Amino acid sequence: MTEDLTADTATAPLLAIEDLEVHFPIRRGIAIERTVGHVRAVDGVSLSIGAGDTYGLVGESGCGKTTLGRAVLRIEEPTAGKIRLGDVEVTSLRSEPLRRFRSKMQMVFQDPLGSLNPRHNVEMLLAEPLKVHGVGSKTERNKLATETLDAVGLPSSVLDRYPHEFSGGQRQRLGIARALMLRPDLIVCDEPVSALDVSIQAQVMNLLDELQDEFGLTYLVIAHDLAVVRHLSDQVGVMYLGKLVEEADSEAIYEHPRHPYTKALLSAVPQPDPEIEANRERIILKGDLPSPANPPSGCRFRTRCPWAQDICAEEEPVWREAATGHKVACHFDL
Amino acid sequence: MAKIERLDRLIEASVTARDAESGSLWRQSLRRMRRSPMAICGAVIVGLFFIVALLGPWIAPYGPTEQTWGGEVFLNQNIFPGPRAENWFGLDHLGRDMFSRMVVGARQTMLVGVVATLIGFAAGAVVGGFAAAAGTFGGRWGERLEAVIMRAVDVALSIPMLLLALSVAALLGPSLTTVMIAVGVAQIPIFARMLRGSMLAQAHSDYVLAAISMGVPKARIVVSHILPNSLGPVIVQATLVLATAIIEAAALSYLGLGNPDPGTPEWGTMLADAQRFLSGAPQLAIYPAVGIIITALGFTLLGEAMRESLDPRLRRQQ
Amino acid sequence: ACSSERGGEDLNETKPFIFGSPGDPASMDPVFASDGETFRVTRQVFDTLLDHDGTEIVPGLAETWEQNPEGTEWTFNLREGVTFHDGTELNAEAVCQNFDRWHNFTGGYQSPNYTYYYSSFFGGFAENDPEMGIEAESIYAGCEADGLTATISLTEYTANFPGAFTMATTGIVSPASLEQITDDEVVTADDPLPQYTQEAGVLAGTGPYELTEWDHGAQSVTLERYDDFWGETANVKTLIFNTISDENARRQALEAGDIQGYDLVAPADVQPLLDAGFQVPERDVFNILYMAYQQQTAPLDDHDVRAALSHAIDRQRIVDSVLPPGGEVASQFIPPTIDGWSEEVTTYDYDPELATQMLADAGQEDLSIEVCYPTDVTRPYMPAPKDIFDIIAADLEAVGVTVEATPISWVDYIPATRSGDCPMYLLGWTGDFTDAYNFLGTWFSTETTEWGFDEPEIFDGLAAAAAEPDPEVRTQMWADLNVTIMDQLPGLPISSSPPSIAFAANVEPMEVSPLTQEDFSELSFASE
Amino acid sequence: MLRYTVKRLLQLAVALLGLSLLLFAWFKALPGGPENRMLPDNATDQQREALRQALGLDEPIWSQYGEFLSRMVHLDFGTSLSSGRPIGTELAERLPATIELSMWAIVIAVGIGIPLGYLAARRRGTWLDFGAVAGSLVGICIPVFFLAAMLKVVFAQELGWLPTTFRLSPGLTYTEITGLRVLDGLLTGEFDVVWDAARHLMLPAIALASIPLAVIVRITRASVLEVVGEDYVRTADAKGLKQTTIRGRHIMKNAMLPIVTVIGLLLGSLFAGAVLTESVFAFGGIGSFVYQATTERDYPALMGFILVIAVSYVVLNLIVDLSYGFLDPRVRVRK
Amino acid sequence: MALLEVEDLRIAFGSSTVVDGVSFHVDESQVVSLVGESGCGKSVTSLAIMGLLPKLRKSGRGGGAAVSGRAVFDGVDLFGLSADQMRRRRGADLAMVFQDPLSSLNPVVPIGRQITEVLERHRGLRGEAARKEAENLLDRVGIPDPRRRLGEYPHQLSGGMRQRVLIAIAVACAPRLLIADEPTTALDVTIQAQILELLKDLVDAEGTALLMITHDLGVVAGMCNVVNVLYSGRVVESSSASRLFAEPTHPYTVGLLGSIPRLDLPIHEPLKPIRGSIADVIRWGDGCAFAPRCDLVGAECVAGEPMLKGEAHAHRCVKAEEIA
Ligand SMILES: Nc1ncnc2c1ncn2[C@@H]1O[C@H](COP(=O)(O)OP(=O)(O)OP(=O)(O)O)[C@@H](O)[C@H]1O
Ligand SMILES: Nc1ncnc2c1ncn2[C@@H]1O[C@H](COP(=O)(O)OP(=O)(O)OP(=O)(O)O)[C@@H](O)[C@H]1O
Ligand SMILES: [Mg+2]
Ligand SMILES: [Mg+2]
């Protein structure tokens with residue numbers, strides 16, 4: 001029996017996303033607003049995350065990472081596609097069942113201060129998710145809060161303090177603690193460390209690691225810093241203009257980046273070592289990210305790609321498996 | 001070893017120094033306000049005003065309507081005894097003690113200000129809050145409802161406030177209640193706008209997103225997350241409106257729409273009445289005028305200080 | 001002396017005399033007006049058949065006049081050589097054309113909004129428009145012209161005559177200038193008055209001044225001297241009436257020299273103005289302020305209670321401290337300048353002890369009563385309603401009466417008092433012309449909720465007096481009625497007060513009139 | 001920019017329709033009738049009823065509104081019940097006075113307010129700053145009519161420097177072109193009129209300017225303080241630019257944005273203030289008209305007046321909004 | 001001789017001293033960096049050199065900064081210059097690039113004007129000449145179609161382009177020293193790479209000295225010759241870049257390096273962060289400000305102010321030997 005169960009969970013991923021699209025209408029009009037186009041923030045993304053794994057999503061600003069993360073949590077309504085968490089099809093849930101289901105998936109935000117209600121003290125902050133899902137009595141909730149605080153490395157004496165009385169790193173710990181309170185299956189971390197100082201960033205990254213082991217969490221980590229993502233994740237997906245362009249386990253991505261964009265990203269990350277820096281081959285991309293409202297034809301990256309050919313403008317590259325567990329969307333094998 | 005202890009103590013000191021800053025946002029801004037001379041001035045004036053307003057009848061040496069010195073006052077000869085030992089502020093045109101009238105009048109004036117503001121605040125908050133809640137969580141229909149409500153508010157806003165008050169006053173006939181309602185009603189669109197704006201700003205903040213993602217019910221999000229955080233600027237506005245209300249009330253009284261009952265003195269009415277004697281006995285106008293100005297100033301100072309202490313942008317500059 | 005004399009004359013020619021009026025005139029055709037501000041202007045331009053000197057009726061355009069014993073035929077012998085400002089001559093034909101024109105008004109012209117006085121005097125029109133709601137029949141029976149003799153016939157006599165012929169509203173307009181207009185523009189009551197009534201110089205009169213400009217924006221009306229005036233030509237060449245509605249502003253403008261005269265001086269300003277060297281000539285009193293006892297309200301139906309309340313009020317203090325100099329306590333419902341004023345009426349002198357005693361006797365020790373007064377208004381008879389109320393309230397409280405103050409906005413005040421909603425209220429009346437009917441008839445001709453009493457003796461007496469064409473007999477009837485009324489005590493007459501008018505020091509003012517019918521042609525700038 | 005303008009214009013039309021409905025409903029709800037004011041004290045009840053009927057006050061509401069609306073479309077505001085004249089004419093005659101007065105008040109408020117606010121901000125914490133802030137606080141708290149009355153007592157009555165009433169000394173010959181007396185005087189070369197009109201304008205304009213002045217001082221100060229703290233001002237400083245350049249191009253150009261908005265919003269209180277000021281100085285503008293209309297329950301006149309004021313207020317604010325586009329390039333593209 | 005010699009710089013806001021005796025120097029054509037975590041005083045130091053800190057009023061109110069010490073630029077103490085003299089140097093001899101490219105450009109002035117005004121001021125170029133030169137500058141910083149861009153407003157440009165414009169403004173008058181305060185923090189990595197490349201090229205081509213302020217040790221490693229590590233308002237370690245990365249001697253530097261996730265290290269190896277946060281400091285006068293967060297802390301650490309030791313590779317740690 002037990003054998004079966006474990007086998008099952010190992011094969012079936014915890015989170016499966018299929019052809020997810022999130023389009024934001026661009027409204028304009030004189031008296032009555034009309035939709036004149038769409039920002040294709042997420043434009044057909046499929047990925048899956050196994051239970052207990054960490055999936056890292058990287059890409060430049062505006063490429064749709066946050067939108068994807070929010071769509072998974074149904075904070076943003078997907079335009080098309082399916083999301084399945086465990087056995088539940090999240091995209092088909094409506095109102096109350098959805099609200100109930102939210103206990104299974106939680107989020108950690110980029111701005112640690114902004115995501116904490118300034119008028120709620122730590123106790124209210126942590127108890128709220130339990131309260132709205134009717135978990136436990138007051139004392140039980142308190143006990144759970146103390147435990148969780150302990151897990152994120154904060155003393156229980158902070159229960160009656162307010163968010164603005166903490167440092168940036170501590171606030172992020174609070175944010176993580178709140179996400180942990182319901183012991184969810186999935187936590188979406190949207191830029192969990194990018195607002196923090198280097199030394200604090202490291203603390204939080206280590207904490208996320210430890211918590212994953214302790215609570216058996218599954219993470220979807222969103223970040224623009226390739227080094228951070230690589231450090232935290234088992235699998236890394238690279239996004240460009242609303243689409244995944246490459247996906248592999250984090251080792252492989254670094255060793256053999258197959259998409260020119262990934263290569264460029266990797267080469268752009270400065271390393272704290274003058275020697276590496278001096279000898280590093282740099283790929284400097286031309287220009288800026290095109291507008292997601294009307295992405296380039298064919299391969300979206302072609303406008304900035306140093307290897308672009310004619311075919312790139314004409315045909316959209318297929319999402320193919322270039323090596324085991326290593327998918328890429330490029331016409332060429334680089 | 002002693003050195004290590006010293007280190008611990010130092011760290012402790014640095015931590016407690018931070019602890020001294022603890023407390024909720026309100027408490028903190030209160031502490032900041034305690035250091036601002038503007039806030040202190042405002043609080044002292046407002047405090048004094050409230051004390052006088054509450055204790056007025058006991059402080060006043062004479063009844064506000066007692067025509068004790070009627071025989072000494074000759075309206076038709078412009079004879080009004082000025083300040084003297086028995087009557088600190090002198091006598092008014094019917095031989096009543098001005099000091100008593102000022103002191104007793106404070107209560108009416110306060111009543112006008114407070115009630116008018118409460119009317120504007122309550123109604124405005126309901127309208128604005130409802131609109132914002134509908135727009136944020138009501139789906140498509142909610143958005144439309146919000147648009148309609150806010151259009152109406154905009155239309156109301158495009159009528160100058162005094163005119164709005166004037167029409168209300170015309171509807172109800174002159175009385176103190178009229179003034180309160182007129183001034184209050186005229187403030188509704190402003191409060192509605194402010195609360196809505198402030199709520200929408202909060203509605204897009206990360207912590208509301210966080211609450212949604214945790215599955216907090218919508219009603220609870222509005223009531224326990226959005227509203228408390230949006231009220232700050234509105235409360236500040238209320239303080240400022242109190243000042244405006246007192247001045248507007250005086251203007252309405254001047255236009256003959258104020259309290260017509262001379263039995264209960266009220267500063268605005270006193271000022272409006274005394275306009276007749278401005279060149280012969282200016283003191284009769286100046287007492288209530290100064291009363292109004294100082295009180296309005298008090299509320300304004302307090303409101304401004306509150307705004308400054310709550311406004312993070314201004315805080316940063318400090 | 002000679003040179004300074006000339007200085008004054010020079011000023012008369014070069015300097016406009018600016019008068020601060022409390023309000024704008026409504027129409028330059030006087031028949032459409034019912035307010036003093038219009039009449040102040042039109043009276044300088046359009047002469048009436050008869051005129052007032054003080055309160056006495058004297059010749060106007062008519063040098064002499066007669067009435068038949070029934071009072072239904074009025075014959076006017078017009079002056080010779082009177083010309084209108086447009087150059088045409090005045091004759092009886094012209095007079096009759098005016099009366100016939102008024103009689104034949106149709107449509108909106110009949111609205112009381114426009115022709116209130118005419119329809120009050122003459123009952124109605126040739127053909128009453130049902131839309132305008134006038135039901136009474138006209139008593140106008142026609143006008144006969146014979147050279148300079150005009151005879152106006154009535155179907156019945158009312159005490160409005162001959163007073164009606166002195167009213168500015170019946171000012172005679174040049175028939176030639178009437179030809180420029182057609183009386184057909186005002187169809188409904190909310191149509192505006194025709195344009196010509198809002199312009200100067202369309203209608204011509206015979207008065208000492210002609211209208212030259214009406215600047216609505218600046219709220220000023222300019223008049224120029226008419227040099228062919230039949231009487232003594234005016235002294236000041238240019239006369240400007242400029243509206244200053246606020247009484248303080250009027251005083252300040254006079255003090256600052258912006259204007260040379262103004263009307264409706266606040267009582268409190270009289271003494272300071274005199275002290276500062278301004279002139280405030282006293283008008284004779286011609287009005288009555290009273291406090292009514294609405295007798296449908298208990299216990300005001302009790303004569304003793306009314307008397308007690310009357311004794312409680314110190315009317316002298318009101319006169320002394322609130323009313324302008326020249327005001328006096330009124331003993332009855334007409335001012336002493338009117339024939340029929342009686343010395344024999346019962347007076348109710350200030351006696352608080354007696355009042356307390358009488359109330360106790362009537363079993364009303366704990367009387368509590370509502371007293372109404374108007375708010376946003378000053379009337380010539382009541383310069384400061386609120387102050388007067390205050391004093392009365394204090395007096396009543398002093399004899400143990402609890403006063404419930406009910407201030408009512410002026411627009412609603414008259415309806416409120418009419419409908420009997422006010423147990424006690426302040427009100428008054430300024431006469432239009434000198435006949436007691438103009439006062440007593442206003443109040444006591446029939447049973448009303450305004451007073452709430454039914455006293456056939458008074459009503460019948462009044463009707464009889466009003467229909468009595470013989471002035472001598474009528475005067476006696478009025479005197480008797482006054483005694484009856486004051487015994488009945490429907491209200492307490494409080495005072496008669498002269499509405500003050502003020503002038504700059506360098507002005508030689510005209511003779512002032514108790515009916516506020518001043519003749520501005522008498523006015524001149526004084527020598528330095 | 002064009003789209004934006006068209007959009008705002010359409011919104012304006014909708015707003016005005018809403019406003020007319022609101023106003024109409026409002027005034028119909030008012031109790032008591034104008035007929036009481038229109039007739040002498042001793043008119044009979046029958047006469048009153050007759051007048052009510054004649055005025056159409058007893059017709060069904062919707063038919064009254066229909067007529068009202070069709071009249072508005074034809075710019076016919078009806079007849080004033082108290083003066084018996086067309087309201088449009090009454091307003092047209094009185095509007096120039098109010099416009100002239102308000103214009104001068106704004107000129108004074110802007111002319112003094114902006115430099116003073118700027119100085120207060122740049123000398124933050126000095127006595128000048130303190131004085132400006134305190135002065136503006138007091139300025140907001142003084143009832144306008146009281147200030148007007150005091151100014152009049154002191155400068156016109158006691159000192160006799162300036163006239164107490166009117167727009168122009170009565171009897172002065174004057175040729176009307178725009179109705180704005182100072183401007184007309186300049187246009188026609190009647191310099192005595194210019195001088196006389198300016199003297200008459202002085203006190204009321206100052207009284208009326210008190211609140212806008214106070215508000216402008218404060219908003220300028222706040223706005224300048226905020227802009228001065230902006231990074232681009234630091235950049236300008238880092239470029240070593242002259243102070244005058246920094247002040248004009250970098251500080252004031254940006255600081256003007258909120259000031260312009262506030263001036264637009266101030267227009268409302270300006271109209272209200274004009275009602276009070278004009279009655280104190282017998283200035284004869286639209287203010288005294290509305291005062292009279294209110295006390296006399298002259299509903300058509302009040303309605304016409306409020307519509308005119310609301311329209312001009314909305315239109316002026318539209319202009320302010322559009323001028324924003326010229327001041328702030330970001331608005332131009334945004335919508 | 002050094003182009004810029006900062007000596008014993010002290011900056012205090014009211015009672016809090018945020019920079020506390022900082023000394024360093026920049027030689028001609030050298031790229032020197034100031035590195036440290038948020039709030040350690042990097043920006044304040046650069047602003048002080050530029051004379052851009054709010055002036056202290058006599059009344060002591062208004063939030064001005066009290067600056068002491070010397071900043072000798074080309075033989076002249078900048079702190080001794082009058083406001084006017086300083087204004088003539090800023091933008092000409094010394095120029096600065098700020099962190100946030102959007103807020104650092106005036107939103108209501110076309111970018112062309114924002115460039116030409118500095119040319120006008122310091123190089124006397126006017127009209128068409130100034131416009132031509134501005135176009136050249138935009139071209140040099142790699143903005144395509146510069147003629148058209150001149151008339152555009154900042155909000156019409158992307159973040160990277162804005163930063164290029166800022167750089168164009170800074171180098172417009174060929175300054176001898178360029179100060180760049182976190183010029184790439186607000187940008188994406190790919191854009192950051194572009195901008196760093198551009199800066200490097202400009203500096204190489206003109207021989208301009210660059211004072212680079214950053215919190216990113218990676219950027220330092222890629223660009224700088226000399227590194228000054230700041231902690232709580234003091235330089236704690238200062239050396240040539242190669243030596244500093246090879247043998248960091250201050251526990252803070254070590255900690256910083258240990259905190260950075262690196263692409264060249266095995267995945268999932270836990271990072272070695274510094275404990276606590278920057279708020280946990282003690283006053284330098286009482287000992288080492290870093291002591292509360294230091295793993296090696298001992299009694300000697302709080303025995304009074306630690307001194308900067310060493311010449312070429314200076315550090316401010318009493319336990320430096322233990323680390324080595
Ligand atoms: N509510 C929205 N309405 C319209 N467009 C939106 C909305 N939210 C996001 N977008 C657009 O969708 C695109 C993707 O945004 P998203 O926030 O997902 O990017 P991101 O990868 O998270 O970027 P960053 O790194 O800056 O956080 C952007 O172009 C953004 O402007
Ligand atoms: N105007 C000011 N008034 C008061 N304190 C200030 C002011 N400017 C800066 N400080 C303080 O000086 C210290 C150093 O600030 P600075 O801006 O130099 O830090 P930084 O090293 O540039 O940090 P970051 O990496 O966040 O830019 C901080 O503690 C800051 O709070
Ligand atoms: Mg994002
Ligand atoms: Mg910085």
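This report walks through two ligand sites, one chain-to-chain contact and some annotated spans in a predicted model.

## The site around ligand 1

Let's start in chain A. The shell around ligand 1 holds 13 residues, and S61(A), G62(A), K65(A), T66(A) and T67(A) come nearest. By type, the shell divides into five nonpolar, five polar and three charged residues.

A polar side-chain atom of T67(A) sits 2.4 Å from an oxygen atom of ligand 1, the corresponding distance for T66(A) is 2.5 Å, and for K65(A) it is 2.9 Å. On its own, ligand 1 exposes 630 Å², and the protein buries 62% of that.

Which helix of chain A gives the most to this shell? It is helix 2, with three residues. Helix 2 spans residues 65–72, and strand 2 (34–49) likewise supplies at least two residues of the shell.

## The site around ligand 2

Now over to chain E.

S38(E) places a polar side-chain atom 2.6 Å from an oxygen atom of ligand 2. From the backbone, an N or O atom of V44(E) lies 2.8 Å from an oxygen atom of the ligand, while a polar backbone atom of G41(E) is 3.1 Å from one. Taken alone, ligand 2 exposes 630 Å², of which the protein buries 61%.

## Where chains A and E meet

The chains that hold these sites also touch each other: 41 residues of chain A and 45 residues of chain E take part in the contact. About 3600 Å² is buried between chain A and chain E, with carbon and sulfur atoms giving 60% of this area.

## Annotated spans in chain D

For chain D, an unreviewed UniProt entry places the feature "transmembrane region" at residues 101–121, 133–155, 197–217, 257–290 and 302–327.

Two of these spans can be set against the model. Residues 257–290 of chain D are 88% helix and 0% strand, with the end C-alpha atoms 33 Å apart. Residues 302–327 of chain D are 100% helix and 0% strand, and their end C-alpha atoms lie 36 Å apart.

Definitions and conventions
Residues numbered from 1 in each chain as written. Chains lettered and ligands numbered in written order. Predicted model: local features only at pLDDT ≥ 70, side-chain atom pairs only at ≥ 80, totals over all residues. Heavy atoms only, no water. UniProt positions renumbered as here; feature names shortened; annotations may be inferred. Helix = DSSP H or I, 4+ residues; strand = E, 2+ residues; numbered from the N terminus. Polar contact = N/O pair within 3.5 Å; in protein donor to acceptor, adjacent residues only side chain to side chain. Areas by Shrake-Rupley, 256 points an atom, 1.4 Å probe, with all protein chains shown as cover. Contact = heavy atoms within 4.5 Å. Buried area = accessible area lost by both parts, 1.4 Å probe. Near = heavy atom within 4 Å. Nonpolar A, V, L, I, M, F, W, Y, C, P; charged D, E, K, R; others polar.
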